[in-house]
Amino acid sequence: MKFINPKENTNRDNYKLLIGTIIPRPVAFATTRSKDGIINAAPFSYFNIVSSAPPMISIGVIRDTVEPKDTARNIKETKEFVVHIVDSDNVEEVNKTAMNLPYGESEMDLTKLTLVPSTKVKVPGIKESKVRFEVELEDIFEIKDGEKIVTDLVIGRIVGFHILEDILYDGKIDPLKLDPVARLAGSNYSKLGEIFSLVRPQK
Ligand SMILES: Cc1cc2nc3c(=O)[nH]c(=O)nc-3n(C[C@H](O)[C@H](O)[C@H](O)COP(=O)(O)O)c2cc1C
């Protein structure tokens with residue numbers, strides 16, 4: 001085994017170790033709305049469940065500059081967003097939105113994706129998604145490295161689930177019908193592989 005001290009590594013090398021080992025990562029496609037009503041959209045793989053009761057999720061929005069990304073800025077300002085689970089059918093269109101456009105320009109214009117109104121939040125979602133969550137901002141943490149803010153860690157509370165009925169049975173999700181895609185390192189993605197079961201031991 002090789003021991004690596006992250007403090008002796010470059011940021012780039014630590015990044016490569018993380019994105020290569022914490023795999024596969026689910027991908028959240030987040031739509032947000034600016035104060036002026038412009039819809040922003042971008043994918044995020046630093047994404048997971050934080051709590052199920054109440055239902056909460058997290059997204060780590062990295063700062064490429066000293067300013068927050070548009071997604072984090074809009075969430076801070078309007079306190080709402082919509083998260084979609086990226087799947088084989090929509091991943092190519094979603095990928096187009098990862099382009100870094102100037103604030104105030106909508107990535108949605110680069111895609112064939114269509115907006116659909118939400119029920120409880122003012123941010124619209126996209127139609128071409130089997131699952132979408134309407135989310136209210138619970139908390140946002142500015143993660144620092146020394147004095148510099150490097151990440152906006154967004155914690156959101158789900159206030160509405162939209163699930164395509166075809167993928168639902170007994171209140172559960174059929175993973176093969178959802179057909180999610182996940183992020184690996186570089187430009188690589190993966191689909192679901194072999195599924196196996198393991199019963200949890202009981203006392
Ligand atoms: C599949 C995928 C996953 C991504 N995951 C993240 C992530 O977890 N955090 C992040 O800050 N950027 C991530 N990015 C990059 C953002 O999507 C990109 O910076 C985008 O332009 C941000 O949009 P915004 O500035 O409109 O918020 C990812 C890109 C792709 C294609």
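Visitor: Which residue in β6 stands opposite Ala28?

Guide: Ala28 stands opposite Ile85 in β6. Keep in mind that this model is predicted.

Visitor: How many bridges join β2 to β6, and how do the strands run?

Guide: Four bridges link β2 with β6, residues 80-85, and the two run antiparallel.

Visitor: What about β3: how many bridges join β2 to that strand?

Guide: Six, and β2 and β3, residues 39-44, also run antiparallel. Take Thr32 as an example: its bridge partner in β3 is Asn40.

Visitor: Which residue takes a positive phi in the hairpin of β2 and β3?

Guide: Gly37, with a phi near 90 degrees. Five residues lie between the two strands of this hairpin.

Visitor: Is β2 covered on one face or on both?

Guide: A residue counts as buried if 20 or more other C-beta atoms lie within 10 Å of its own. By that test, six of the six residues in β2, residues 28-33, are buried. Both faces are covered. Ala28, Ala30 and Thr32 are on one side, with Phe29, Thr31 and Arg33 on the other.

Visitor: Now the ligand. Which residues come nearest?

Guide: Ala42, Tyr46, Ile62, Lys69 and Thr71, out of 17 residues around the ligand.

Visitor: Which element gives the most to that shell?

Guide: β3 does, with four residues. At least two residues each come from β3, β5 (55-62) and α2 (70-78).

Visitor: How do the shell residues divide into nonpolar, polar and charged?

Guide: Eight are nonpolar, six polar and three charged.

Conventions
Residues numbered from 1 in each chain as written. Predicted model: local features only at pLDDT ≥ 70, side-chain atom pairs only at ≥ 80, totals over all residues. Buried ≥ 20, exposed ≤ 12 C-beta atoms within 10 Å, placed from the backbone. Pairing = 2+ DSSP bridges. Near = placed C-beta within 6 Å. Nonpolar A, V, L, I, M, F, W, Y, C, P; charged D, E, K, R; others polar.
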